[in-house]
Amino acid sequence: MNPITSQTTSVSSPSLPLTCMSNPAACILQPASMTVTDLSVFYGDHQALDKVSMEFSAGLVTALIGPSGCGKTSLLTCLNRLVQMVPTSRVTGQCFMDEFDVMSPTTDIISLRRQVGMIFQKPNPFALSISRNIELPLISQGIKRHRRHEIVEEVLRDVGLWDEVKDRLHRSALTLSGGQQQRLCIARALALKPRVLLMDEPCSALDPIAAGRVEELIRKLRSCYTLVVVTHNMAQAQRIADHVGVFWASDEGRGGQLIETGPCEQIFEQPRHKLTAAYVQGRQG
Amino acid sequence: MAENVPSILDQGLNLDALVDQRGLFWDRLVRVFVYAAAGVVAFVFLAMVWQLVRLGAGQLSWSFLTELPQNAGREGGIFSILISTLMILGVCLAASVPLGLASAVLLAQTQRQTLFAILVRRSLDVLAGVPSIVFGLFGNAFFCVYLKMGFSILSGGLTLACMALPILIRTMEMAIRSVPQEVHHASAALGMGPIRTWVTLILPAASGGLAAGLVLGIGRALAETAALIFTSGYVDRMPESVHDSGRALSVHIYDLAMNVPGGEANACATALVLLIILWLLNSLTHRLIGRWLGRRLIYT
């Protein structure tokens, strides 16, 4: 398909299969499906998302596409409730992870965020050593040192970073390249054994080769994790997604709306909404 | 191809005309001014130190530091005064650092202009500008009289804490705010609780600024005279506990210089000691707080 990704397939070390794949029994938590119903997000008086209902199937990759400012990231941050870190934010509607009510005031946010990991647009490793970046969240879970070291190696192998960094685990994570940093962030999220992984344009700050490797990683993670990926790159959505949700900013200033959702092929080959058709063909947006 | 491109020289242009003479003049003027300003600052400091060294260095000796003052400070040393000063500073820091850090964390976290945040900020701005003598009167009325602490190191230290708080909080708030929001988000997304996030990531990342705030606070406390006369008193004997009255270095300098004929030399020697302590504490604070808090952070 894409020359870059097919190249990098051979470049990336034929590392061990993903922990979860090689040994499903080791994976206590299975990928979870997530459902949102009538979800609206407000920042102060500004509405960012308008009554979105959609499902993210367990173990599949759902891509969210659409022009900037139509609420894709807002939807993403509802799924792990990071949205509430914006002081003026307000969310209405429902969000479930399997049977679990995400929006309920009694939800243990810390446990939720361990199960719903998030990768940001800009790689954001802490100014700590490479290994400590992965260990820090594990320490807060009370995992013993010996086990932590095992997990560090495990997840670094999963993201194909182990061979590149095994000799400098105690160097600063900030010395890594952008692509390596992003894979470290993915490794850090995987270390918590999440059931869902949210990715907010994970490749947009990376050069094409690094982006290709992250993209390939996303395909490897499929079926072990439920993945929700925001992307502006239509070709990328086509390459990685099982399902696609198309967002569009409403005309009445009521924020972004979900205008169409469906299997990847359908969205790109037989879109039902005229805006979708225009957008995926690059005529609008 | 290069031959076809007419160069500036080919056209006989005068290169000097390209240089903006007026801009160059202002550039030079500003440069001279900036250097002169920095020079004046350095000169003032050096002149002061020279004056102190000239008048007071002769009095400095080990015994000056270890002996009690005699004859109203004209003779003897400043041992009891050193101890009082350090005790006052200790009380001040013990009270102001936890309060200041907690308030700074709260203020740095309130992104919205809540009424409470506005009220706290406004109070701090006003407090920062209140003359120390007013703090002295307040400390006397509140700590010495109302809380029945009397003239004591405790009253003095607490009064100094009130004085140091505004500057401590403001600098610490700035330091905390300078840590990018991404760190908060990254940490929250990894399911790390707020306490762990603050202790392991935010405060270490802000450690340089926190140390700077502490240095300013220590400076303010050590330099204070007026507020202490009303609160910790000016008895120059050795304090037995924080409930005793004690004389701070700056009060000693004031007393020797203004009230004790023949005390000038010892006043200058004491001032030298004060400067040296200030310098030591500053570098120590930067090293210890900065290094210790940020010990796990590595950027390169």
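At what angle do α5(A) and helix α6 of chain A pack, and how far apart are their axes? Keep that in mind as you look at this predicted model.

## How α5 meets α6

Here's the answer: α5(A) packs against helix α6 (residues 145-158) of chain A at an angle of about 125 degrees, and their axes are 10 Å apart. That angle makes α5(A) oblique to α6(A). The crossing of these two helices is right-handed.

So who's touching whom? On the α5(A) side you'll find A:Ser131, A:Ile134, A:Glu135 and A:Leu138, and they meet A:Arg148, A:Ile151, A:Val152 and A:Val155 in α6(A). Sorted by class, this contact of α5(A) with α6(A) has 5 nonpolar, 1 polar and 2 charged residues.

## How α5 meets α8

Now turn to the other partner. Helix α5 covers residues 130-139 of chain A, and helix α8 covers residues 178-190 of chain A. Their axes come within 8 Å and cross at roughly 30 degrees. Angles under 35 degrees count as roughly parallel, so α5(A) is roughly parallel to α8(A). This crossing, of α5(A) and α8(A), is right-handed.

From α5(A), the contact uses A:Ile130, A:Asn133, A:Ile134 and A:Pro137, while α8(A) brings A:Leu184, A:Ala187 and A:Arg188. By class, the contact of α5(A) with α8(A) has 5 nonpolar, 1 polar and 1 charged residues.

## One residue to look for

How values were computed. Residues numbered from 1 in each chain as written. Chains lettered and ligands numbered in written order. Predicted model: local features only at pLDDT ≥ 70, side-chain atom pairs only at ≥ 80, totals over all residues. Axes fitted to C-alpha atoms, helices over the stretch in contact; angles between N-to-C directions. Helix = DSSP H or I, 4+ residues; strand = E, 2+ residues; numbered from the N terminus. Parallel < 35°, antiparallel > 145°, perpendicular 65-115°, else oblique. Left-handed = near helix turned anticlockwise from the far one by under 90°. Contact = placed C-beta atoms within 7 Å. Nonpolar A, V, L, I, M, F, W, Y, C, P; charged D, E, K, R; others polar.
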